[in-house]
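Trainee: I am new to this structure. Please take me through the terms one by one and show how each label is reached.

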Amino acid sequence: MRFDVVTLFPEMFTGYIGQSLLKLAIERGLIDVRLHNLRDWARGRHREVDDRPFGGGPGMVIKPEPVVECVEELRQEDDGLSSRGHLVMLTPQGRPLTQRVVEELAEHKRVILLCGRYEGFDQRVTDLLEPDEISIGDFVLNGGEVAAMVLIDTTIRLVPGVLGDAASSRDDSFSTGNRLLEYAQYTRPRTYRGLSVPEVLMSGNHPDIAAWREANKQARTAERRSDLLDDEQ
């Protein structure tokens, strides 16, 4: 799976793509992350990508020309994926990034991510390119880079071979077939500061363990996210 990240700050991703599961997935050829500096498509001597908003107001707005022309050029690339790429704009105004949305994104061979800055993109970027607008929450970040990392991190877990055990993603909270919160997990030591691991988990009785975990999921979800139980009905 390929991610093309369009950003004004590609250096922000250097440490991110060089760590943990993502680094291993890239080395194994399962994931490809390509960074594109939006200024490379800017015009003029100073490579300006933003300007004051028409009508007045605070801040600056990202101009349409570099964004539209960057995406058009990326979509013309032929890397054997036979895909122009699913275009995503990271914006607080987008649809919420849920596990169901992540599962949709994981079906694409290639995703192009637009990272905004300042007061956002000129509306004509959306009008011309019709991106899938996605938000990672009801809050405002300084830019879309962190949101892009969140989207990449959640999506690669569903790419076959990235996780050591495919069951890890199937059992995740909110996953298809498991819309409930995950059950409590324990490891050594058996007792710590007076708190002990539930005896059933030490029993070796797998049906009883499965029943305990299902009950724990239901109880946790009812206590912390009862709205998810409503979704199940």
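Mentor: Start with helix 6, which lies across strand 1, strand 5, strand 6 and strand 7 and runs at about 175° to strand 1. Axes here are lines fitted to C-alpha atoms, for helices over the stretch in contact, and angles run from 0 to 180 degrees between N-to-C directions. The model is predicted: local features need pLDDT of at least 70, side-chain atom pairs count only at pLDDT 80 or more, and totals for chains, interfaces and linings use all residues. Residues are numbered from 1 along each chain as its sequence is written, and side-chain values use heavy atoms, with hydrogens and water left out.

Trainee: What makes a stretch a helix or a strand, and how many of each does the chain have?

Mentor: Both are DSSP runs numbered from the N terminus: helices are H or I with at least four residues, strands are E with at least two. On that basis the chain has nine helices and nine strands. Helix 6 covers residues 145–156, and E145 belongs to it. Strand 3 covers residues 50–51, with D50 in it.

Trainee: Which residues touch E145?

Mentor: Contact means heavy atoms within 4.5 Å. Not counting residues up to four places away in sequence, E145 touches T7, L8, F9, M12, F13, C115, G116 and R117.

Trainee: What makes strand 1 "mostly covered"?

Mentor: Strand 1 spans residues 2–7, and six of its six residues are buried. R2, D4 and V6 point one way, F3, V5 and T7 the other way, and all are buried. Strand 6 is also mostly covered, with six of its six residues buried. On one side of strand 6 are R110, I112 and L114, on the other V111, L113 and C115, and all are buried.

Trainee: How do you know that strand 1 and strand 2 pair?

Mentor: Two strands pair if DSSP finds at least two bridges between them. Strand 1 and strand 2 (residues 32–37) are joined by six bridges and run parallel, so they meet the definition of a pair. Within this pair, F3 stands opposite V33.

Trainee: What joins strand 1 to strand 6?

Mentor: Five bridges, in the parallel sense, with strand 6 covering residues 110–115. The bridge partner of R2 in strand 6 is R110, and F3 stands opposite V111 there.

Trainee: How many bridges involve strand 5 in its pairings?

Mentor: Strand 5 is joined to strand 6 by five bridges, running parallel, and H86 stands opposite V111 in strand 6. Strand 5 (residues 86–96) also pairs with strand 7 in the parallel sense over five bridges. There, R95 has I134 as its bridge partner.

Trainee: What order do the strands of the sheet take, and why are some at the edges?

Mentor: The order in this open sheet of five strands is 2-1-6-5-7, with parallel pairing. Strand 2 and strand 7 (132–135) are at the edges because each has a single partner strand, so one side of each is left without a neighbour in the sheet. From one strand to the next, the twist averages 30°.

Trainee: Which other helix lies across these strands?

Mentor: Helix 3 (residues 64–76) lies across strand 1, strand 2, strand 5 and strand 6, running at about 165° to strand 6.

Trainee: What values describe the chain as a whole?

Mentor: Of its 233 residues, 40% count as buried. Among contacts with a separation of 6 or more, 74% are between residues 24 or more positions apart. Along the principal axes, the C-alpha atoms fill a box of roughly 70 × 40 × 35 Å.

Terms used:
Buried < 20%, exposed > 50% of the residue type's maximum accessible area, 1.4 Å probe, protein only.
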